[in-house]
Amino acid sequence: MSNLRELYQETIFDHYRRPRNCRTVPGANHCAEGYNPLCGDRITLYLRIEEGVVKDAGFEGAGCAIATASASLMTEALKGRTQAEVEALFERFHAMATAPADRPVPDEGLGKLAVLAGVREFPARIKCATLAWHTLHAALRDERGTVSTE
Ligand code: ZN
């Protein structure tokens, strides 16, 4: 178990140091900003969706290791998925991040995103992990302004 935890931490640290898709998206047609006042994390998410499929995803912003790694892993996971698949992934991720810490991780179908399950043990960090996903929700609905985790 401790080896698994180390692997998880390594992956999170790697995505924090070298975030994937940390850039604007040319021709983005969905965009939203997210803010987590609890920690001070801010991200702007860009999506290019064509015929219901996410063709490209990127983000910019400043956040803690968890918020940055979560946005990095999420943008990697989104590409090539339909909007329905993205919604299903949001539900799964949210269920994992908010599940009781003393239960097995419900990580089915989450792949690499499961490395963020560790936040369950740190309730204050859950919003860091879910910020990118709430911002994603807003971007899909094309909401203007800033979504807040509060
Ligand atoms: Zn944070």
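Is His-137 buried or exposed in this structure? In this predicted model, His-137 has a relative accessible area of 16%; because the cut-off for buried is under 20%, His-137 counts as buried. His-137 belongs to helix 4, which runs over residues 126–140. Apart from neighbours within four places in sequence, the contacts of His-137 are Glu-87 and Phe-90.

Helix 3 spans residues 83–98 and holds 16 residues. From first C-alpha to last, helix 3 reaches 23 Å, close to the 22 Å expected at 1.5 Å a residue. Its buried residues are Val-86, Leu-89, Phe-90, Phe-93, Met-96 and Ala-97. They cover an arc of only 135 degrees around the axis, so they lie on the same side of helix 3. The cover over these buried residues includes strand 3 (53–62), helix 2 (65–78) and helix 4.

The whole structure contains 1 aromatic pair. Phe-93 and Trp-133 make up this pair, which is stacked, with 4.7 Å centre to centre and 15 degrees between the planes. Because Phe-93 lies in helix 3 and Trp-133 in helix 4, the pair ties together parts that are 40 residues apart in sequence.

| Residue | Relative accessible area |
|---|---|
| Phe-93 | 1% |
| Trp-133 | 1% |
| His-137 | 16% |

A separate item involves a charge and a ring. The charged end of Arg-42 is placed over the ring of Tyr-35, at 4.0 Å from the ring centre.

Methods
Residues are numbered from 1 along each chain as its sequence is written. This is a predicted model: local features need pLDDT of at least 70, side-chain atom pairs count only at pLDDT 80 or more; totals for chains, interfaces and linings use all residues. Side-chain values use heavy atoms; hydrogens and water are left out. Helices (H or I, at least four residues) and strands (E, at least two) are DSSP runs, numbered from the N terminus. Buried means under 20% relative accessible area, exposed over 50%, partly exposed in between (1.4 Å probe, protein chains only). Contact means heavy atoms within 4.5 Å. The expected span of a helix is 1.5 Å times one less than its number of residues. The arc is that of the directions from the helix axis to the C-beta atoms. Rings of Phe, Tyr and Trp (its six-membered ring) pair if their centres lie within 6.5 Å; planes under 30 degrees apart count as stacked, over 60 as edge-to-face and the rest as tilted. A charge sits over a ring if NZ of Lys or CZ of Arg is within 6 Å of the ring centre and within 35 degrees of the ring normal.
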